[in-house]
Amino acid sequence: MSREKINAFFARIPRNFVILLMIVIWVVPTFGLMITSLRPVQSINRSGWWTILNAPTGSREYAQNCASCHGEDGKLIAAADLTDPALIKQFDRSILLLASLNKEYNGQPHMGTQVVPGAQMAADIVVHLKNVSGVEKRPRVTFNNYVDALVGYRGTRTYVDDCNAGTPPLDINCNLSDLLNPRGMGRAFVNSLLVTIPATILPILFAALAGYAFAWLDFKGRMLLFAILVGLQVVPLQMTMVPISRVYAQLGLNGTFLGVWLFHTGFGMPYAIYLMRNFLGTLPRDLFESAYLDGASHWTAFYRLAIPLALPAIASLGIFQFLWVWNDLLVALVFLGSTTPVMTYQIANMVSSLGAGWHLLTAAAFLSMLLPMVVFFGLQRYFVRGMLAGAVKG
Amino acid sequence: MAARPVPRIMQQGKLAPFYYLAPALIIMFFFIVYPMFNTVQLSFLNNNGTASASATCVDGRPCWGVFENYRYALTAEFNSGSVKAFWNSFWLSSYGNTIKWIIFMVAGTVILGLLFAKLVDGIKNEALAKSILFMPMAISFVGAGVIWKFMYSYGTQQVQTGLLNAIISAIGGRPISFMTQPVLNTYALVVVGIWIWTGFCMTILSSSLKSVPDEIIEAARVDGATEWNVFWKIIMPIIMPTVIVVVTTMVINVLKQFDIVYVMTGGNYNTDVIANRMYTEMYINFNTGRGTAVAIILVIAIIPFIYLNIRRFIAQEEMR
């Protein structure tokens, strides 16, 4: 193929099509997760999330088999009003419905000359009847999954149903204290916040101090120390975990917030200092010189001059560290574990112990994404800026 | 190294800088420097660090003395029966998988990132398109793992609730168990990694693309260069340093990749990678010797990039 032909080929690729395709691939998985988390559990296991707008289960089967006598709305035969919950409760299994369909009513077969539906069809009709009569509502969209995930409900129905019926599982109290159930995402959310906030503030504080020293104070070995720091940025977590968990075991710091704060602080340090020093280093030199000439001490120059000017860098760093700690699994797994579960730990645990409990898993995953999404879309500018300033972390 | 001199008037006492540095240096010493040396030491000791690793050797079995943990870490996954068996076991071991991750994930993220950055450059909704691609960076690997586990989910005979298997069924294929089929499953996990990290590469490469001066490109076009030539002969050489930075950063990120594998397969069905194996040895099997030996192997793989990082930093400093 000649070069012209290759060129012509590439010119023909519709660029908008590629862009659109990539955007679809990037949006659809998350979108599917969100839709699924809003569907009732029975629907999730019966059909894919893309069928959410289809006709409800059983309505087609009902129209085909029953509507000619009972009417579209089920009220046509007054003696057998299908919207009456008391009546439907007698036929709440497909086998019971089938028995009734095979019986004779007033000396006539129930179904007349029509064929009696099969088991699967009968089951679908039962779902439909329970839905229209209100025995078991199956709405298109529900928040029950979120409620169940937040309180850590693991029963076979929903938290709301069980509490209304007065038969909650042992670890559920049916009041606000359920939000702190150790199995729930509510508690995990609080734990995640308790881990993340100090683990974001501490490194920024220390890095601002050290970054200032590297940028504007003179000392022996400044460049060598900083070069070592640059190298330390890429040391993997795995390299330092074992000795620290051994030391923590002796100090009793395993499973404590303090242990995780310190670990994240230590590990976030090289990158944070790197970013702060590079930003502070770009501030105009005259500024510091005149401050010193006016008799300012290095401390005054630091907190009256450097810190206010470094706010954009502090913002980038804050977002970075926040997302890093919030989304971290490994450190939480090793140093916190099940004693103080954070959101990522809780979800990872649900994946392995629940298998296909998609209604809880999707809701839990979405809950864990809420805060990072808000931070990300609200402060994207600073995030991108911080990333461009120093691309390596972790 | 060209340290920028600090003006004399700003030198205020010899100790002052260390007040500022002390908190950071102390915490880094305890959490990074000391553990690094301790990890090296532990990797030559037995499962709880009480005796030399050579004590764990079993008579009649191969033994590397104090390097016994390394022998285990390097050879335990391999079948040395024949060349073919060795190759098969290697390719499905944590080492083979890590190599697959590096090759396909780095290539995937950088190529897709560059492609997208170039395609959306200058379109009307560029910022929106870019933030959509970038969004997975904000959510956790755990969250992304759940999202994709659901995409890959392998349903029942009647119904496929996972989108990919639903599509395969709809076009008449047999549903695939993406997570349990060796060879295929690691690539399925790599796709998740690509989905997460492409936005990162795209953002950095995009800002680099924008720094290419318009005049050069215009001049080339006026001289009759095709778009293809403009891209490969003018744009690429200019952004090459950034591409290299992105590639090295991605290699480091891939080597440390733990969460996706842990959440989606737990390293089962031949999807293990080095980073996950270290966790398994240390916190599932409780063997500090073997766990740290795996960690050291991971670090040895990363050392060239530490070197590159420092060299790039020094070059940057000299340009300032």
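This is a predicted model: local features need pLDDT of at least 70, side-chain atom pairs count only at pLDDT 80 or more; totals for chains, interfaces and linings use all residues.
Visitor: How do you know what confidence the predictor has in chain B?
Guide: Look at pLDDT, which runs from 0 to 100. The mean for chain B is 87, and 96% of its residues reach 70 or more. For the model, the scores are ipTM 0.88 and pTM 0.88.

Visitor: What makes up the pattern of chain B along the sequence?
Guide: Just α, over and over: chain B has 13 helices and zero strands. Its radius of gyration is 25 Å, while the globule rule gives 20 Å for 320 residues, so chain B is more spread out than a compact globule. Its C-alpha trace spans about 75 × 75 × 35 Å along the principal axes.

Visitor: What share of the residues of chain B count as buried?
Guide: Of its 320 residues, 42% do. As for contacts in chain B with a separation of 6 or more, 61% of them come from residues 24 or more positions apart.

Visitor: Why is B:Ile139 called buried?
Guide: The cut-off for buried is 20 or more other C-beta atoms within 10 Å. B:Ile139 has 24, so it counts as buried. You'll find B:Ile139 in the loop between helix 5 (126-134) and helix 6 (141-151) of chain B.

Visitor: What is B:Ile139 in contact with, leaving aside its neighbours within four places in sequence?
Guide: Two partners sit in chain A, namely A:Met369 and A:Pro372, and B:Ala144 is there too. There's also B:Ile196, which is 57 residues away from B:Ile139 in sequence, with 8.7 Å between their C-alpha atoms.

Visitor: Which residues of helix 2 of chain B are buried?
Guide: In that helix, residues 68-75, they are B:Glu68, B:Asn69, B:Tyr72 and B:Ala73.

Visitor: How do you know which side of helix 2 of chain B they are on?
Guide: Around the axis they cover an arc of only 140°, and that puts them on the same side of the helix. What covers these buried residues includes helix 13 (288-319) of chain B.

Visitor: What makes phi of B:Tyr269 worth a look?
Guide: Most residues other than glycine have a negative phi. B:Tyr269 isn't a glycine, yet its phi is positive, near 55°. B:Tyr269 sits in the loop between helix 11 (259-264) and helix 12 (274-284) of chain B.

Visitor: Then why is B:Phe286 called exposed?
Guide: The limit for exposed is 12 or fewer. B:Phe286 has 11 other C-beta atoms within 10 Å, so it is exposed. B:Phe286 lies in the loop between helix 12 and helix 13 of chain B, and has a positive phi of about 50° although it is not a glycine.

Key:
Residues are numbered from 1 along each chain as its sequence is written. Chains are lettered from A and ligands numbered from 1 in the order in which they are written. Helices (H or I, at least four residues) and strands (E, at least two) are DSSP runs, numbered from the N terminus. The arc is that of the directions from the helix axis to the C-beta atoms. Two residues are in contact if their C-beta atoms, placed from the backbone, lie within 7 Å. The radius of gyration is taken over C-alpha atoms; the globule rule is 2.2 Å times the number of residues to the power 0.38.
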